[in-house]
Amino acid sequence: MIFIKKAKILQILLLLLVLSSCKQKKTTEIETVLKKPIKTALVIKQGPKLTAAYIESKRNSIIHYYNKTWPRESANGGFLVAKNGQIIYEKYEGLANYKEKSAMTSTTPIHIASVSKVVTATAILKLVSDKKLYLDQKVNTILKEFPYPAVTIRTLLTHRSGIRNYAYFTEKKGIWDRHKILSNQDILTIMATKDIDLEFRSNTRFSYCNTNYAMLALIIEKATGLAYKDAMKKIVFKPLGMTNTYVFEYEKDKLTATPSYRRNFAIVNWDYLDAIYGDKNIYSTPRDLLKFDNGKNSSKFLNPTLLKEAYTPYSNEYKGTKNYGLGIRMINWPTGKNFYYHNGWWHGNMASYVTLPEEKVTIIALSNKYDKRVYKVRKLAALFGDYPFQLDDLEKGE
C-alpha cells in the first residue's frame, strides 16, 4: 500500500516536471518570436542595376530640364525621377513652413491632392483581389443608404457613375451649413435624403467627380471594418514601407500638417471641405510615392490581371487620346503607345505622378505652393521612350 502511494506521488511529480518543462519551452518560443524583427514592408524586386554611364546621361538631361523649368531655385517642393526603382535624380527645394523658415526635405509630407485617388483605387483593387469586394458589385449592397441602384464599384473608379460633385451640391441653400466641417458620411446622407439626382445615367459617359472617391473610401471602411486612415496604413502604406505617408485627420493634424501656400506664400486657410478623404487628403513624399509605384506595378503586391484592368481605357464614347482607367489617367495614342499619370490640385498643393510600366520609370513632382509647372514634368517621359513630348515645349500642363 505504501509502495502504491509512493508510486502515485512519483507519477504526479514527474507529470508536474513535464508540464513545467513544456511551459518553459513554450515561453522561450514565444519570447524568441517576439524578439524577431517584424517584417513591415514587402521586398519589391527592382529591375537590372543601371550603369553609371546611363545614370549620368539621363541625369544631365533631367537637371537641364529642371533648371529651365524652375530657374533661380524657384521650386518649392520635392522632385524625383527613377528607373527600375533606382533614383536617377531628386531635388528638394524651398520651404516646408514659411513662417518657421523650415526647409523642404526628402521626408517632408506634402498633400498629394487627387494623386490620392491612385492610392485609394489601389487599396480597392487589393480588396477585390482578396475577394472582399467585386468590381461590378452594386454600391448599395455595401453602403445601404446609397440612393443610386445602378452604380457599381467599377463606375466609381472610372468616373462613370453619374454622381454629382459634393463641392457643388453642398453650396446650394438648404443642403449644408458651410460653417460646419463636411464628412464623407455627411455626403452620403445628403445624397440619400436631399434628392440629389444623378447628373447622367450611370455608365453612359465619363465625368471626373471627387464624390466617387469619397464613396470608395467609405467602401474601404465597410470592407475592412477600419477607419480609412488605418485601412490605408494596413493595406498600402505599411506593406510598401511608406514611412512618411499618412491620411490627414482634420482635428488631429490641421495644426501640424505641412501648410499650403499661394504663389506669394500667403497661407491657404482650411475650409469646410478639408475633412473629406479618398479623393484627396493623403500626405506623402516623392520617395514614398516611388515605393508605392514599385509596389503597385509588382505582381508581389497587386494581382497582374487587376493591374491590367486598371490600365484599360474605359471612356471610349468620343474619339480622342485622353482616357481614364481604374484610378489612373492615361493618353492612348493611335500608334499604340500609352502614357499613364495622375495630377492633383487642392488649395495651394499641386502634385504630378507619372508611371511608365513599360520602361519601369517613375516621375514625381510635389509642391505645397501653387505652381502649375509641376504638371509639366510629364515631358521627361520623352527621355525614356517614344512619347511625343518636347522637353522645350512649355505649354500649360493638364
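**Salt bridges and a helix contact in the predicted model**

E251 and K254 are paired through their side chains in a salt bridge, with N and O 3.6 Å apart; the term denotes a side-chain nitrogen of Lys or Arg within 4 Å of a carboxyl oxygen of Asp or Glu. E251 is exposed at 61% relative accessibility, whereas K254 is partly exposed at 25% (buried, under 20% relative accessible area; exposed, over 50%; partly exposed, in between; 1.4 Å probe, protein chains only). Salt bridges with shared partners also join D136, R154 and E309 into one network.

The model is predicted, so local features need pLDDT of at least 70 and side-chain atom pairs count only at pLDDT 80 or more, while totals for chains, interfaces and linings use all residues. Residues are numbered from 1 along each chain as its sequence is written, and side-chain values use heavy atoms, leaving out hydrogens and water.

Across the whole structure, 14 salt bridges are found. In one of them, R287 pairs with E90, the closest N and O atoms lying 2.7 Å apart. R287 belongs to helix α10 (residues 286-296) and E90 to strand β2 (residues 86-93), so the pair ties together parts 197 residues apart in sequence. Helices (H or I, at least four residues) and strands (E, at least two) are DSSP runs, numbered from the N terminus. R287 is partly exposed, at 37% relative accessible area, as is E90, at 24%.

V119, T120, A123, K126 and L127 of α3 meet Y228, M232, I235, V236 and F237 of α8, contact meaning heavy atoms within 4.5 Å.
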